[in-house]
Amino acid sequence: MRLEKDMKLRERAAKVIPNGMYGHQNVSLIAPGTPQFFTRAEGAYLWDVDGNRYVDYMCGYGPQLLGYCHPEIDRAYCEQLSRIDVATGPTPLMVELAEKWTELVTHADWAMFCKNGTDATTMALMTARAYRGRKKILIATGAYHGATTWCTPFPDGTVPEDRAHIIHYEYNNVESLEKAAEEAGDDLAGIFASPFKHDVLTDQQLPDPAYAKRARALCDEKDALLIVDEIRAGLRIARDASWSLMGVEPDLTSWGKSLANGHPISALLGSEKAKAAAGKIYATGSFWFAGAAMAASLVTLKILQETDYLERMIGLGTRLRTGLGEIGQRRSISIRQTGPEQMPLIMLADDQGNLDMQRGFAFCSGLMEKGVYFHPWHNMFISAAMTDKDIDMTLEAADRVLADMSVDA
Ligand SMILES: Cc1ncc(COP(=O)(O)O)c(C=O)c1O
């Protein structure tokens, strides 16, 4: 059996871990045949506990940007770990890293570092409220900004008061945004936006510049803060904040996942205007000032500036998109491919809006057996460690799986 050890581990896990696994890494909600446990990762590949190898299109749900176990980044991490990591005070690397980030990101004049994306989005929310002492926060319906009481997608363990001052609007819809801002009135603290609409289970949407510009203008008119949550898309769209490509500069950006190519660090970056407010909130964590992830982030940023990693990822994603489009046409199976090429969401025609996606699951299960890790309803991530060969191998596998599916249909 392909997943024999994995299944045994799942049985043990069910006894000592709630639900056997929790959060987004619980594979019970995705395609059958997806392994839960892994023992090795290198470059573009993952090996499950049974020794099967996969070209990994999830990249740890984002953190792996330049490939697993990147030698130069991991060397910097390990060297720093052997000198000083978590300590009674930060290392000089913290200042160097804040300087580097403010050089890289146009809107940023300062940086605060933390560990998870939710730390950074929560700090952004608090900073926006501290800025003018206001309460209302605008968030796009269905957008994910983390997993704590004000933003978790599931209500269990929260109370309505946790979201009492959150007003929803439709992404890319200027009218809806304006209506939400009007509802907030004089109490508008900030507007959250994702770099593009990357909600699960539904087609992705690139940002409409008219929407992005209106969000900026509304914040200016009402003296509120514009927050772009870069945690998932940051560094995969641009070497600057993602909306810089449209000439829109936010006041705050939250970053996480890929800042140190898989090592634990996240950040809140902000403009001068928001600096005093950020200085007012009490924000801290035992591991937030650790040196090793900062050393890894410095090397990651250097590589991002010196290489064509982004252009290569876009090229690989385009090769995948074009190839899948051709296969779908040849096999008469309609494949919906949305979002930027380097962060594709790939779903089969009739699957949208619910988890009962028989065809998408069948497609992903088939790919999994052929050594390709695809997700049926979450955007995926191209890694800069992938090569044309990996994409071609993926396309060959997809062709065989879709051929079987068109015979079954
Ligand atoms: C857009 C966005 N914001 C916030 C988060 C939360 O990040 P973390 O899981 O590191 O807390 C995520 C995680 O997937 C995300 O995609």
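Tyr211 has a relative accessibility of 0%, so it counts as buried; buried means under 20% relative accessible area, exposed over 50%, and partly exposed in between, with a 1.4 Å probe and protein chains only. Before I go on: this is a predicted model, where local features need pLDDT of at least 70, side-chain atom pairs count only at pLDDT 80 or more, and totals for chains, interfaces and linings use all residues. Residues are numbered from 1 along each chain as its sequence is written, and side-chain values use heavy atoms, with hydrogens and water left out.

Back to the tyrosine. What does Tyr211 pair with? Tyr211 and Tyr169 form a tilted aromatic pair, 6.1 Å centre to centre with 40° between the planes. The rule is that rings of Phe, Tyr and Trp (its six-membered ring) pair if their centres lie within 6.5 Å; planes under 30 degrees apart count as stacked, over 60 as edge-to-face and the rest as tilted. Tyr169 is in strand E6 and Tyr211 in helix H6, so the pair ties together parts that are 42 residues apart in sequence. Helices (H or I, at least four residues) and strands (E, at least two) are DSSP runs, numbered from the N terminus. Tyr169 also counts as buried, at 1% relative accessibility. One aromatic cluster takes in Tyr169, Tyr171, Tyr211 and Trp243.

By this rule the count comes to 10 aromatic pairs. Phe38 and Tyr373 have ring centres 6.3 Å apart and planes at 50°, so that pair is tilted. Phe38 lies in strand E1 (residues 38-42) and Tyr373 in strand E13 (residues 372-373), so the pair ties together parts that are 335 residues apart in sequence. Phe38 is partly exposed, with a relative accessible area of 32%, whereas Tyr373 counts as buried at 6%.

Next, the sheet. It is open, has seven strands in the order E4-E10-E9-E8-E7-E5-E6, and its pairing is mixed. Two strands pair if DSSP finds at least two bridges between them. Strands E4 (110-114) and E6 (166-169) are the edges, each pairing on one side only. From one strand to the next the twist averages 20°. Axes here are lines fitted to C-alpha atoms, for helices over the stretch in contact, and angles run from 0 to 180 degrees between N-to-C directions.

Contact means heavy atoms within 4.5 Å.

Now the loops. His145 lies in the loop between E5 and E6. Is His145 buried or exposed? It is buried, with a relative accessible area of 4%. Its side chain makes a polar contact of 2.7 Å with the side chain of Asp229. A polar contact is a pair of N or O atoms within 3.5 Å; within protein, one must be able to donate a hydrogen and the other to accept it, and residues adjacent in sequence count only if both atoms are side-chain atoms. Leaving aside neighbours within four places in sequence, His145 is in contact with Thr121, Ile139, Trp150, Cys151, Phe192, Ala193, Ser194 and Asp229.

Val159 has its place in the loop between E5 and E6. Val159 counts as partly exposed, at 42% relative accessibility. Its C-alpha atom is separated by 18 Å from that of Ile139, 20 residues apart along the chain.

On backbone angles, most residues other than glycine have a negative phi. Asn172, in the loop between E6 and H5, has a positive phi near 70°. Leu201, in the loop between E7 and H6, has a positive phi near 65°. Asn172 counts as buried at 17% relative accessibility, and Leu201 counts as buried at 18%.

Last, helix H9 (residues 309-330). At 1.5 Å a residue, its 22 residues should span 32 Å, and its end C-alpha atoms are 32 Å apart, which agrees. The expected span is 1.5 Å times one less than the number of residues. The buried residues of H9 include Tyr309, Met313, Arg321 and Ile327. After H9 comes Ser332, with a positive phi near 55°.
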